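These are my notebook entries on two chains and the place where they touch.

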Amino acid sequence: MSDARNGNLEFQRTYAAKGEPFVWLTAMGLAVGLIMVVALLGIIISNGLPVFWPSRVLEFQLKSDISNSVPQGGDKIVGELVQKRMKRIPVLNAQGIKKADQTELQVFVGNKDTYGLNFAFANQDDIASVTEPKDIYRIERLEYGIAFGYPKSVKLANGQSVPSTNATFSTVLAQLCAESTARRHEIENIEKHEIGQINKQLNELRISQKSDSQSAEKLSALDAQYKTLASKASELRATQSASSLQYITPTGVDRSLAIGELVSYTQPNRLSTWERIVLFARNFLNFLWENPREANTEGGIFPAIFGTFAMTLLMSVAVVPFGVIAAIYLREYAKQGFFLQCVRIAVNNLAGVPSIVFGVFGLGFFVYFVGGSIDQLFFGKYLPTPTFGTGGVFWAALTLALMTVPVVIVSTEEAMAAVPRGIREGSLSCGASKWQTIQRIVLPASLPGILTGLILAMARGAGEVAPLMLVGVVKLAPSLPLDGDFPFAHLERKFMHLGFHIYDLGFQSPDSEAAKPMVFATALLLILLVITLNLAAILTREKLRKKYAGSAF
Amino acid sequence: MMTLFIKSGGVLVITAVLGIFFFILFQIWPLFMPAQVSELKTVSLPNHSFSLLGVDEWGARPFLVEPDGRMLTVDYETGAVSEVPIDFGEPLQIVSAALNKREQMIIVGTADGRFAIVAPGYESEESDGRQVVTIHPSAEKVTPIGLPGVPILDIAYGDSGSSKLVVALQANGNNRQVSAAIFERKRSLMGQGKEEAVGVFDLTSLIPGRASKVLVPGTGDSVIVVTEDGKVSYLLLEDEEFKLIQTFAPFEDIPGAHIQAATFIFGDVSICFASDSGANRVFSLYYPKGGAERFFGKTHDFPSLGTMPSFLISTLRNKAFLLGGGSELSLRYSTTESIRWEGKMPYNVVNAAISGKYHRLVVLDSTNKLHFFKIDDPHADSSLKALFSKIWYEGAPEPKWEWQSTGGSDDFEPKFSLVPLIFGTFKGTFYAMLFALPIALLAALYTSQFLDPRFRSIVKPTMEIMASLPSVVLGFLGAIYIAPIIEKEIPSFILLAVGLPLVAAITGFFWSRLPIRYRKLIHPGWEWIVFVPLLLVSSWIFFQLGSVLEAIAFVVTDPATGQKTADFGAWWTATTGNSFDQRNSVVVGFMMGFAIIPIIFTIADDALSNIPAQLITASMACGASRWQTAVRVVLPTASPGIFSAIMIGLGRAVGETMIVVMATGNTPITEWNIFSGMRTLSANIAVELPEAPHHSTLYRTLFLGALVLFVFTFVFNTFAEILRHRLRERFKTI
């Protein structure tokens with residue numbers, strides 16, 4: 001509209017005129033808004049990605065007479081540098097001049113079982129020198145998190161001991177670690193799946209309360225099965241603790257770690273850059289694929305990813321038909337007038353209703369009313385233990401579907417409105433009925449619009465937490481909503497969710513400082529997921545616009 | 001066929017969607033229902049006189065204590081009346097009796113100046129699918145108290161677990177003597193040890209008047225004595241010594257009023273009094289403002305019963321009490337000052353008892369008939385007044401709005417005022433809008449009017465991404481990352497808030513005065529690109545200057561040591577007297593900005609961009625500058641659209657949940673202090689509903705909170721819709 005290349009006159013008009021400072025003020029508004037988004041994404045990425053990067057282990061030599069928070073740490077702090085932060089000294093001296101700020105280092109020292117703490121703090125000024133101990137190991141354990149230390153030997157099950165100076169040490173340790181991982185999976189399989197199956201059958205028998213000989217037989221058979229499995233598991237467990245790794249902590253404490261407790265180990269200061277990149281990728285994949293450990297602060301987040309996925313999928317299945325039918329009705333069938341106007345306002349309004357209100361409705365209606373009725377009708381024998389009468393993935397999906405239905409209605413309607421009148425009339429004049437026109441012409445043409453709505457709905461559903469807290473999300477679900485047990489899809493099960501994982505880890509975790517890396521990593525993943533979905537929706541919409549931009553009849 | 005399917009499907013979806021409102025309304029309805037009391041059955045009793053009426057937890061087997069030391073019990077199911085002897089070890093003549101509600105015990109006073117404590121010994125068992133309650137009373141040792149051989153007119157006791165206080169009232173010639181006996185119970189490793197008498201005290205001299213009634217709270221640490229001339233004395237037991245703390249007359253403004261009945265309300269912090277004319281008041285023990293000792297003060301005034309009361313009993317479940325006299329029965333609730341139920345009986349009521357579960361009522365009439373009633377009052381503690389008015393809660397020095405749904409003990413008084421939550425909602429919204437509104441509107445104005453159109457395809461999707469950021473991530477960042485920074489760097493943020501707009505305006509001012517060959521370097525519509533580095537640099541400078549400002553302006557001096565400290569938080573607390581929390585409104589406002597800015601921006605930008613082009617060109621052609629055009633022509637024309645954007649933004653801010661849950665302390669306070677947190681309706685639901693028992697008062701109150709939220713957003717959104725409609729109409733005419 002205002003083309004700047006029109007010469008001096010234009011320039012004089014724009015710049016010399018009044019109000020130019022205010023234009024700059026509005027420019028600031030936009031700049032601040034954009035910087036906010038970029039900075040936020042930057043914070044999450046810069047805190048989320050380094051979680052997987054194998055950082056170096058440093059040895060901080062403290063100056064003399066500086067107290068060390070690590071017990072028996074002497075004048076050394078060994079660990080990974082987490083952050084440097086400015087510590088303000090608010091005290092003023094007599095002249096009213098502030099003392100200089102101090103830089104404080106936060107060091108992850110691990111060895112929580114020995115030290116009783118995970119982090120040590122030291123002022124930059126108190127540090128004499130920093131070195132990298134070459135031979136230090138970073139040992140990831142099943143319990144108590146990470147240990148830093150120097151291995152002394154491996155004690156084998158047959159009583160033999162392989163000292164770390166021995167050339168075969170690293171191969172022996174690697175082999176033991178691999179074996180223990182395999183055994184751990186086996187134990188998990190036995191305890192979770194096979195014994196779980198038996199328990200389920202036992203429970204069924206108990207609830208049916210039949211006391212005939214047949215069920216008694218069954219009971220004893222199951223009991224025998226259980227006993228064999230349990231003894232097998234305990235045998236495996238014994239093997240897990242038969243051999244052990246002897247190591248010494250940087251503070252000089254001798255420790256012994258059963259091989260079964262060893263998850264993985266690295267020598268972080270001996271890694272080449274390429275090895276670091278490989279380890280980074282492996283850490284990331286483990287994060288995606290593993291189950292959480294240690295009150296969710298270690299391990300991966302697979303169940304949360306799966307739960308989010310399953311819930312969003314179920315929600316999509318529910319939201320599309322309802323949204324599309326409602327949109328077709330509103331656009332094609334409903335008579336224009338006051339009533340339709342009201343319905344439109346209501347639908348638009350619904351998009352603005354806070355998500356927590358949907359959660360409240362979901363809890364009251366789906367969980368307690370519908371779920372409670374289903375329990376009474378079909379699962380009476382389990383009562384008072386609720387089956388559907390408590391939060392679950394199905395109710396969560398329905399609640400979110402209700403919440404996102406306006407999104408789908410609005411974008412479907414928009415897409416249908418964009419279908420040129422000529423195409424519609426062409427179809428009708430060829431003798432197609434109204435429904436045939438809608439089904440064969442209008443709906444296919446508005447498919448990208450429906451898709452946009454669906455993607456937007458999925459993005460909103462995947463990122464929403466507040467209503468889920470009321471209708472079935474849990475911090476740790478014992479089993480996935482989809483698994484190998486009949487009937488495979490367990491709609492009544494509670495589930496884990498990425499967003500709730502962030503809330504729970506960041507706020508309910510006993511050691512929130514230690515959980516921070518996990519939360520940032522989860523937040524990064526969730527944001528990536530939501531942004532990808534949104535970008536997909538934006539691109540689809542752009543395509544749709546271009547497609548119909550030129551097709552005016 | 002298909003048409004029918006679509007039509008019915010469409011109507012179904014839409015009704016389902018609208019049904020949310022009605023479902024929630026249906027859920028909260030019982031909150032406002034009065035109590036339902038209906039008569040179940042009547043049992044005739046033998047024509048004896050009784051000194052006490054009590055009932056078990058289930059209301060299935062009421063008992064009456066007879067003067068000869070027997071217990072008359074009635075089985076509700078069968079209507080059978082039976083007599084159970086109490087084994088005192090000797091024949092006794094009982095002249096007075098009282099219930100200790102907390103312990104579920106009876107204390108009886110004899111005609112010869114002794115007392116005994118009796119445990120009713122209720123047992124409940126299931127038999128043939130129905131509950132059978134049996135009673136096996138057992139008495140402790142009969143112990144003398146006060147004047148030997150003188151009948152005990154009234155008696156009461158309290159038991160704190162380690163000690164027991166028994167207070168008896170006796171006639172002493174023309175005078176009345178009040179005696180208190182203290183027993184200590186030594187606890188040994190093997191469980192409860194033996195009781196030892198510490199001493200008997202004569203309290204008569206402490207009481208100003210002729211005593212007519214004594215009350216002892218369950219804690220056994222004080223005595224309340226009612227005198228015949230309508231005065232009440234509050235005596236405190238401290239270090240085995242009684243002290244008169246306070247004497248007050250509950251009905252001093254009513255001439256000649258006597259106290260006809262008095263009882264502790266459940267929790268033993270409030271006493272309910274009824275005068276002989278039927279006036280009814282509740283006095284509570286609280287620390288007056290600035291006081292160091294607790295006194296009784298009038299907290300609730302109820303309408304008169306209209307006749308002389310014959311009894312006043314409280315429940316064991318909540319703060320309700322029943323006042324009866326003549327043929328009137330009135331069930332009242334102390335906290336909310338409401339009358340739950342009133343009834344006029346066809347007989348004269350003499351005594352009554354309410355079951356421990358607050359679901360059954362037994363009333364004894366003057367013809368010795370026992371009437372059983374069913375009480376259906378699941379939400380006794382709820383009413384419009386409780387939800388929205390100031391309430392004088394027990395222990396508080398004044399009426400106030402308060403939300404505190406759960407407490408540590410059974411006798412906790414739930415506080416269900418929605419006002420602090422609604423206040424918190426608006427407080428959060430206000431601070432969020434304070435931050436978001438200028439940025440969003442300035443950005444929208446710039447984007448629609450001045451920005452080079454080539455950038456629109458970057459700016460709009462970026463803002464949409466901002467809108468899609470999950471609020472749980474924003475809340476987490478706010479609480480874990482932003483809050484600690486803001487807490488330390490408040491002066492820097494003050495500088496930023498004031499300095500950045502100044503920098504922008506000053507830059508613009510000098511820029512427009514530069515010779516044209518320099519100005520040519522930047523095209524109109526590219527200013528923001530210049531601005532990004534400028535903004536970053538000036539932000540960094542302001543940030544560094546923050547600590548300088550703090551050292552100059554925000555210094556507190558410790559009066560004790562003279563040590564000066566430059567700390568904004570300490571300064572704020574010292575100067576304004578308000579608290580300074582880490583998770584405060586600034587953090588919430590800032591993080592909510594991420595959620596609201598893109599919404600307001602998008603809608604305002606749409607409204608501003610859709611202004612008919614001829615208006616702008618006409619304005620420009622008349623010689624107006626681009627700023628003049630934007631402010632004088634575009635803004636007024638698009639104002640309904642901008643208001644609509646603000647409304648939608650408000651709606652989003654009001655309902656935002658996760659940010660508030662995580663980035664505030666969730667304390668339900670009512671103060672505008674920017675450096676304290678708040679609890680919003682939505683956060684309250686998210687925090688409390690997962691733990692609320694199904695269909696409890698809390699559950700329904702939280703539903704009411706959801707309904708209030710729903711209504712708020714509905715109003716905002718409808719208003720916005722109407723405004724947008726008006727805008728479309730306006731454009732149509734141009």
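Entry 1. I looked up the buried residues of α6(B) and found B:Ile490, B:Pro491, B:Ser492, B:Leu495, B:Leu496, B:Leu500, B:Val503, B:Ala504, B:Thr507 and B:Gly508. A residue is buried if 20 or more other C-beta atoms, placed from the backbone, lie within 10 Å of its own, exposed if 12 or fewer, and partly exposed in between. The model is predicted: local features need pLDDT of at least 70, side-chain atom pairs count only at pLDDT 80 or more, and totals for chains, interfaces and linings use all residues. Residues are numbered from 1 along each chain as its sequence is written, and chains are lettered from A in the order in which they are written.

Entry 2. I noted that these buried residues pack against α2 (20–48) of chain A and against α5 (471–488), α8 (527–553) and α9 (568–576) of chain B. Helices are DSSP runs (H or I, at least four residues), numbered from the N terminus.

Entry 3. I looked for a bend in α6(B) and found a kink of about 30 degrees at B:Gly499, shortly before the proline B:Pro501. The bend is the angle between axes fitted to the seven residues ending at a residue and the seven starting there.

Entry 4. I located A:Gln508 in the loop between α15 (498–507) and α16 (512–549) of chain A. A:Gln508 is exposed because 12 other C-beta atoms lie within 10 Å.

Entry 5. I recorded that 85 residues of chain A are in contact (C-beta atoms, placed from the backbone, within 7 Å) with 96 residues of chain B. On the side of chain A that touches chain B, α2(A) gives the most, with 20 residues.

Notes:
Helices (H or I, at least four residues) and strands (E, at least two) are DSSP runs, numbered from the N terminus. Two residues are in contact if their C-beta atoms, placed from the backbone, lie within 7 Å.
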